[in-house]
Amino acid sequence: MKHSKLLLLSLTLLMLLMFSACAEELSAEEVNAWWEGDWYGWWTLFDGDGSYSEYLDSSWDCCVRIKPFEGKHLISVWDEDFNSYEDECLAEVIVEIDPSSGGGSYGLATSVSDERNFFWNSSLDAGDWSIDPAYAGVDNMLIIEGSFTDVEGDYCEYGLVLTKWGFEWNEADSTAPPTMYYDYFLPLIESGAEIPLILE
């Protein structure tokens, strides 16, 4: 009898845990909705040689838009130099979002093979970008890391740190904010403005 009660209690706890886990799972539509929209932040070069060595440890503020594209999603990045979403992006990468992968509730976005993919001076192939929101360890934040060797043979390793447009930068739990955060981004966010499509 004692063992039966213990077994019943264990089964009850297991069911509660399973129910809790199921309750936290998001639908594919909810996962996609979380990714879609505008983001802002900065990007930097971690490592590199040749023509990239002079840019090491420099950073540039940037804006990002993620939108549905031919059954997948398109990530567009524009920054201080490649400063126009419509005319001159730093990067455009097509990704596939898998809601059942990754370390958290928002799945995993992985670049797919497409001749239109590029970041700065290089193309991107399948799996070159693998973006797991759980990796950032902060709500509503993404970290993207990548590397390439250009046609001249010069190597570059880079990273982007982003948070959702409309949210203040969580400096206490993450990294320092973009350089223009207090003078440019934050006033726009506080006024309810849209993300700037030309970064000035």
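Let's start with a charged pair: in this predicted model, the side chains of Asp38 and Arg65 meet in a salt bridge, with 2.7 Å from N to O. The two partners come from distant parts of the chain, 27 residues apart: Asp38 sits in strand β1 (residues 37-48), while Arg65 belongs to strand β2 (residues 59-69). With a relative accessible area of 15%, Asp38 falls under the 20% limit and therefore counts as buried. As background, side chains of opposite charge can pair when their charged atoms come close.

Another one is formed by Glu70 and Arg116, whose closest N and O atoms are 3.5 Å apart. Here the partners sit in loops: Glu70 in the one between β2 and β3 (72-79), Arg116 in the one between β5 (108-111) and β6 (118-119), so the bridge ties together parts that are 46 residues apart in sequence. Their surroundings are worth a look too. Glu70 is exposed, at 58% relative accessible area, whereas Arg116, at 41%, is partly exposed.

Arg116 also forms a salt bridge with Asp114, and there the closest N and O atoms are 2.8 Å apart. Asp114 is buried, at 18% relative accessibility. Through shared partners, the salt bridges join Glu70, Asp114 and Arg116 into one network.

In soluble globular proteins, nonpolar side chains tend to be buried together. Here, the largest nonpolar core has 31 residues, and those with the most contacts inside it are Trp35, Trp43, Phe119, Trp120, Trp129, Tyr158 and Leu160. Several elements give two or more residues to this core: α2 (28-35), together with the strands β1, β2, β3, β4 (91-98), β9 (141-149) and β10 (155-164).

Which residues is Trp43 in contact with, leaving aside its neighbours within four places in sequence? They include Phe119, Trp120, Tyr158 and Leu160, four residues that are also listed among those with the most contacts inside the core. Trp43 is also in contact with Ser58, Ser59, Trp60, Cys62, Asp79, Leu90 and Gly159.

Finally, another core lies apart from the largest one. This other core has 20 residues, among them Trp42, Leu186, Ile189 and Leu199.

Conventions:
Residues numbered from 1 in each chain as written. Predicted model: local features only at pLDDT ≥ 70, side-chain atom pairs only at ≥ 80, totals over all residues. Heavy atoms only, no water. Salt bridge = Lys/Arg side-chain N within 4 Å of Asp/Glu carboxyl O. Helix = DSSP H or I, 4+ residues; strand = E, 2+ residues; numbered from the N terminus. Buried < 20%, exposed > 50% of the residue type's maximum accessible area, 1.4 Å probe, protein only. Core = buried A, V, L, I, M, F, W, Y, C linked by side-chain atoms within 4.5 Å. Contact = heavy atoms within 4.5 Å.
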